[in-house]
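User: I would like to go through this structure by question and answer. Please keep it plain.

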Amino acid sequence: MYQPPSDRCMFFAKMGACRHGDNCTKMHLRPTASPTVLFPMMYPNPLAIDHIKDREWGFEFDKKYLKKHFEHFYKEVWRVFMEFGRIAELRVVSNLGDHLLGNVYIRFEDPDGPQVAARIVKDLRAKQLHDIVVLPELSPVTNFVEACCKEDVEGACVRGDQCNYLHIVKVTRKMKEKLEKEQDKYWRKREKKSGEDRKRKRSASPRDA
């Protein structure tokens, strides 16, 4: 059923998440098809301890540790999901608000992206990946330029980790290029094997008399 733009929650439309959740007065229109999968609360952000307001921890995480922790997580997620389909974008947010905490977005390349995303949502829901229970869902986010906080990109967001727009954890160009090369190599090998298998099947099939 068509819903006029005024009835739609623009936060949910842009980010697939809204701080009001089911209590929002606007419509949360969930896509029936999308190349993007959202994994809520998937990234175990060490800084989430600051989200616990009734405790005083009395220490700060070392920046090198935080960087190493994130990069290890990012590489593991990339290597798992590149085997489902070609990854176009993998985004991990640093926001600490309840509706964005630990959110991970993976957009798969067209034309197979929507089929890959649907299969992941169907097959992996409530399954464990590296001791993390994943709850994948199709996301309306396909344009991260609109979803991301422009002030955060410029390093000047006054709302900080409680911002309602996405704050994306930065990935080094070197690591991104390395993972993209791994993905290309994996899919070239897989497509070559698939072609060889089809060729063998054709040659093994009985010919017409």
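**Annotation, strands and cores**

Analyst: The UniProt annotation "domain: C3H1-type", from an unreviewed entry, covers residues 3–31 and 143–170. The model is predicted.

User: Which residue in β3 is the bridge partner of Arg91?

Analyst: Strand β2 (residues 87–92) runs antiparallel to β3, and five bridges join them. β3 also pairs with β1 (residues 36–39) in the antiparallel sense, over four bridges, and there Phe39 stands opposite Val104. For Arg91, the partner in β3 is Tyr105.

User: Which residues of β3 point the other way from Val104, Ile106 and Phe108, and are they buried or exposed?

Analyst: In a regular strand, side chains alternate between the two faces of the sheet. In β3 (residues 104–108), five of five residues are buried. Val104, Ile106 and Phe108 point one way; the other way, and also buried, point Tyr105 and Arg107.

User: Which element gives the largest share of the largest nonpolar core?

Analyst: This core has 27 residues, and Phe39, Phe81, Val104, Ile106 and Ile120 have the most contacts inside it. At least two residues each come from β1, α2 (63–81), β2, β3, α3 (113–124) and α6 (173–204). The largest share, six residues, comes from α2.

User: How many residues are in the other core, which includes Leu38 and Cys148?

Analyst: This core lies apart from the largest one. Leu166 and Ile168 are also among its members, and its residues number twelve.

Definitions and conventions. Residues are numbered from 1 along each chain as its sequence is written. This is a predicted model: local features need pLDDT of at least 70, side-chain atom pairs count only at pLDDT 80 or more; totals for chains, interfaces and linings use all residues. Side-chain values use heavy atoms; hydrogens and water are left out. Buried means under 20% relative accessible area, exposed over 50%, partly exposed in between (1.4 Å probe, protein chains only). Two strands pair if DSSP finds at least two bridges between them. UniProt positions are given in the numbering used here, feature names are shortened, and annotations may be inferred rather than shown by experiment. A nonpolar core is a set of buried Ala, Val, Leu, Ile, Met, Phe, Trp, Tyr and Cys residues joined through side-chain atoms within 4.5 Å.
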